[in-house]
Amino acid sequence: MSVMARKPRLRTLTAGSMVAAFCCSAITFAAGAAARRIVVQPAKFTSVPGGWRVFDGDFGLLSRRGADVESYALSWAYKPNPLGWANRMSPNAIAVNVILIRRAPTNLTANLCRETPHLAGFPPIRQLPLTLPEKTTASQEGEPNISEYRVFGRLDGFYNVDLRVDINRVHPTPAMLRLAQSVVSGLRFPRWPRLTSC
């Protein structure tokens, strides 16, 4: 099942709530089955303004082919639907979207139970919280009036991080950028297992 096809669970957070900087991954066993299911968690949002909607209750299952899992926070009252949130942004709305990825390019053979491939454009993340670029020339795909701020990197060999902040304004104000950064600064990233086999 693709990440986009899953139906995330809505969770409301109060600003200032905090959790540990890294959350533990879980290993669960299917009832009556010998094979274990290795559950990997998404990035969690711990500090969002009132009125925002948080979708970070999804999960992935790690296998030799890897895993990926998405979470996002939106500044408007979005209700999940099959078409997704991207085409429902109101003027001046902000979306913070994070995908954690342990996948290999098609030409690379790797044990993704243990390894996260070193991909071009995903340098090691040396410091948290992540910091948005001050300026961008990027926009949301197919939406030139929606500015997109991007951060790509690899976190401690656990996974690659694809962070995108979309703001429905050609030239976001400094206040919008500060608000987006405060949400990004509240992200907490989980530890994914690094196993000999899975």
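Analyst: Strands here are DSSP runs of at least two residues, numbered from the N terminus. This model is predicted.

User: Where is the place of Asn111?

Analyst: Asn111 sits in the loop between β8 and β9 (139–140).

User: Is Asn111 buried or exposed?

Analyst: The cut-off for buried is under 20% relative accessible area. Asn111 has 16% relative accessibility, so it counts as buried.

User: What does Asn111 touch?

Analyst: Leaving out residues up to four places away in sequence, Asn111 touches Arg64, Leu195 and Thr196. With Arg64 there is a polar contact, side chain to side chain, at 3.4 Å.

User: How many disulfides does the structure hold?

Analyst: A disulfide is a covalent bond between the sulfur atoms of two cysteines. This structure holds 1. Cys113 is joined to Cys198, S to S 2.1 Å. Cys113 lies in the loop between β8 and β9, and Cys198 in the segment after β12 (187–188), so the pair ties together parts 85 residues apart in sequence. The torsion about the S-S bond is about -80°, so this disulfide is left-handed. Cys113 is buried at 0% relative accessible area. Cys198, at 33%, is partly exposed.

User: Which residues have the most contacts inside the largest nonpolar core?

Analyst: In soluble globular proteins, nonpolar side chains tend to be buried together. Here the largest nonpolar core has 36 residues, and Val161, Leu163, Val165 and Phe189 have the most contacts inside it. Elements that each supply at least two of its residues include β8 (94–102), β10 (143–155) and α1 (174–185). The element giving the most is β11, with 5 residues.

User: What does Val161 touch?

Analyst: Among its contacts beyond four places in sequence are Phe122, Leu130, Phe152 and Phe189.

Methods: Residues numbered from 1 in each chain as written. Predicted model: local features only at pLDDT ≥ 70, side-chain atom pairs only at ≥ 80, totals over all residues. Heavy atoms only, no water. Core = buried A, V, L, I, M, F, W, Y, C linked by side-chain atoms within 4.5 Å. Buried < 20%, exposed > 50% of the residue type's maximum accessible area, 1.4 Å probe, protein only. Helix = DSSP H or I, 4+ residues; strand = E, 2+ residues; numbered from the N terminus. Contact = heavy atoms within 4.5 Å. Polar contact = N/O pair within 3.5 Å; in protein donor to acceptor, adjacent residues only side chain to side chain. Disulfide = S-S within 2.5 Å.
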